[in-house]
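Me: I want a close look at one part of this model. Please keep to that part and go strand by strand.

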Amino acid sequence: MKLKNVLIVVNDIERSKVFYKELFGLDVVLDNDGNVILTEGLVLQDAKIWKGSIDKEIIPKNHATELYFEERDIEAFARKLENYKEPIEYVNCPMEHSWGQKVIRFYDPDGNLIEVGTPM
């Protein structure tokens, strides 16, 4: 068995495609009417489709999962976030763990938690 993708629910596919392209460099691999596969295996699904398939409320900012990215120049990435065209909601500002890894956590436009850390 092989894990193929990670899917996150979004309210505005176009906005999310721009967000993940501009901040993370992810490109569209397949755009299929409410389901978009990006490079690195991230899938965006329209909230209406997701809600219809599970018949449950979507809970943004639920802190049950996070997308994790690594970036060597975390300070440059933090500046990129500060200069992004939309306000970024931070969970924590850039910090350094006791083991030396620097990280920053924030939400995407739909409340999906993201962590960017320096490689270990």
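How many bridges join β7 to strand β8 (residues 113-117), and do the two run parallel or antiparallel?

Reply: Five bridges join β7 to β8, and the two strands run antiparallel. This is a predicted model, where local features need pLDDT of at least 70, side-chain atom pairs count only at pLDDT 80 or more, and totals for chains, interfaces and linings use all residues. Numbering starts from 1 along each chain as its sequence is written, and side-chain values use heavy atoms, without hydrogens or water.

Start with β7 itself. The strand covers residues 102-107. Strands here are DSSP runs of E, at least two residues, numbered from the N terminus. Two of them pair if DSSP finds at least two bridges between them.

Turn to the β6 side. Strand β6 spans residues 90-96. Four bridges join β6 to β7, again with an antiparallel run. Y90 has F106 in β7 as its bridge partner. The hairpin of β6 and β7 has five residues between the strands. There G100 takes a positive phi near 100°.

Strand β7 is joined to β6 by four bridges and to β8 by five.
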